[in-house]
Amino acid sequence: MLNLLVKPGWVMVESLVQDRLGHAAFGTFTAIFNWTLIVASVSDLGTTQLTTKRVAAAPEFLNEYFPTLLPLKGWLSVLFLGIMVGTGWLLGYHGHTLTLLALTGASLLVTQYTQFLRGTLQAHQRFNTDALLSVLEKALLLVFVLALIPVGITLDRYVGARAVAVLFTFVVLYALVTRLYGRVRFRLKWEHARGLLKASLPLALITLVYGLNERVDMLMLERLASPAEAGYYAAAYRWVDAIMMYLWTVLPLFFAKFAFATGKREEQRELLWFGQRVVTVPLLFVCAFVLFRGEVLFFQLVHSTPQELGRMTLSLKILFVNVLVHAFFAIYSTLLTSTNQEKPVSWLVAGSIALNVVLNLFLLPRYGAVAAALNTLLCVVFVSGGYLWLVQRRAGVAIPWATIAQLLLAFGLLCGVFWGLRLWLNQWLLEAVGAGLAFVGILFATGIVRIAELKALRR
């Protein structure tokens, strides 16, 4: 709930920052931020996930291995900061931009260290404390950015505000962990370090694959096209990221259910068929709204020209077709990864990354943000087709084709309603309310939601 409160506020504030900085400056920041995020996400080599799992299973792991883990994490952070800055220089970032990259990278590495320390709270089941700390950094940054508005937001001040928020959160968490579990003496034991890194490397590879898949577009766009094009794409992708929070909230629930039903294909089939509707239905309405009225989401970018707004709106609509595909097929990835099919899924995602990079090399220099959005869509269609094939061949669970057809029909009817209301009313809020009411009727008319099911839920 705390994250759901902070996330909308952060989307609004980030749009405001982009409007004040300009698309080129914000595009440069977004590119270096995504590059540092790719490197930082793999900087601990999977030790965070491994530690959380080990401490949860055996609390004595904390006392035995933390004297090695804490300095190991520190040295890894220094090593990866050097890699981050060195590769940034090779990518063409020099002078002041390279300094901003180094500061952004250092902040992200401190954030990774913070998440590592939070893993001890999670493993000891201190979820309320962890929840408060999870939003502290974002809440502080919201306050800092709002405080900068009267004096003027510059790229240097924005990066500095992020660094201060990260450092303050780390100090608070480190003090809390020390108070709860005592001060840890650093004693780096190489046999412990080798064992930990060997066990955690598979987790690091998975993190790298998924991190590249989500972040490489922005970097390539800024390098191959222009910082302004990266800014247009960032403005559109911000809304995609916000809406996809629904998927990342709901799918873990089905992940646990699928894992619990491992080996029970009939139970997995029922879960899949039920989950198909739960995951897809809310996103159908959001995607239809964006396809017809996506331009209203850029209301804060008041300094943009009509041409810039048109380019961002087109990118946004293509990206929301990508969201629509995720709405239909992301649950199949959840089924696969929860039933020990991580390896073929990782290979499939790696193939998608390769396809995306090749398409970007050919199309980004000429078509910019629109090409990045289209390439993302083509890759998610490729991956989703692979998910369906793997579910049928590896998991042996029947695909609910009839339910998918009903959902597609409902989406088509909803788009027809939006089109008619736009011709009749031409006011986005009234159109959204009218289409929302019509969508409820469409769900019952197409059989996606049945009265008998609602009565059963009441019982």
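Biologist: Which are helices H12 and H13 to each other, roughly parallel or roughly antiparallel?

Modeller: Two packed helices are described by the angle between their axes and the distance between those axes. This is a predicted model, in which local features need pLDDT of at least 70 and side-chain atom pairs pLDDT 80 or more, whereas totals for chains, interfaces and linings use all residues. Residues are numbered from 1 along each chain as its sequence is written, and side-chain values use heavy atoms, without hydrogens or water. Helix H12 spans residues 306–338 and helix H13 residues 342–395; their axes come within 9 Å and cross at roughly 15 degrees. H12 and H13 are therefore roughly parallel to each other (under 35 degrees is roughly parallel, over 145 roughly antiparallel, 65 to 115 roughly perpendicular, the rest oblique). Axes are lines fitted to C-alpha atoms, for helices over the stretch in contact, with angles from 0 to 180 degrees between N-to-C directions. Helices are DSSP runs (H or I, at least four residues) numbered from the N terminus.

Biologist: What is the handedness of the crossing of H12 and H13?

Modeller: The crossing of H12 and H13 is left-handed (the near helix is turned anticlockwise from the far one by less than a right angle; clockwise would be right-handed). The contact of H12 with H13 comprises 23 nonpolar, eight polar and two charged residues. In this classification Ala, Val, Leu, Ile, Met, Phe, Trp, Tyr, Cys and Pro are nonpolar, Asp, Glu, Lys and Arg charged, and the others, Gly among them, polar.

Biologist: At what angle do the axes of H12 and H14 cross?

Modeller: The axes of H12 and H14 cross at roughly 165 degrees and come within 12 Å. H12 and H14 are therefore roughly antiparallel to each other, and their crossing is right-handed. On the H12 side, Leu-324, Phe-328, Phe-329 and Tyr-332 meet Ile-404, Leu-407, Leu-408 and Phe-411 of H14. The residues of this contact of H12 with H14 divide into eight nonpolar, no polar and no charged.

Biologist: How many disulfides does a search of the whole structure find?

Modeller: A disulfide is a pair of cysteine sulfur atoms within 2.5 Å, and the search of the whole structure finds zero. The cysteine sulfur closest to that of Cys-287 belongs to Cys-415 and is 9.1 Å away, too far for a bond. Cys-287 counts as buried, at 0% relative accessibility (buried is under 20% relative accessible area, exposed over 50%, partly exposed in between, with a 1.4 Å probe and protein chains only). Cys-415 also counts as buried, at 15%.

Biologist: With which residues is Leu-142 in contact, leaving aside neighbours within four places in sequence?

Modeller: Contact means heavy atoms within 4.5 Å. With those neighbours left aside, Leu-142 is in contact with Val-6, Gly-9, Trp-10 and Val-13. Leu-142 lies in helix H6, residues 127–148, and is buried, with a relative accessible area of 15%. Although Leu-142 and Val-6 are 136 residues apart along the chain, their C-alpha atoms are separated by 8.7 Å.

Biologist: Is Glu-229 buried or exposed?

Modeller: Glu-229, in helix H9 (residues 227–243), counts as buried at 14% relative accessibility. Leaving aside neighbours within four places in sequence, Glu-229 is in contact with Leu-221, Arg-311, Gly-368 and Ala-369.

Biologist: Where does Asn-426 lie?

Modeller: Asn-426 lies in the loop between helix H14 (401–424) and helix H15 (428–445). Phi of Asn-426 is near 55 degrees, a positive value in a residue other than glycine. Asn-426 is exposed, with a relative accessible area of 55%.

How values were computed. Helix = DSSP H or I, 4+ residues; strand = E, 2+ residues; numbered from the N terminus.
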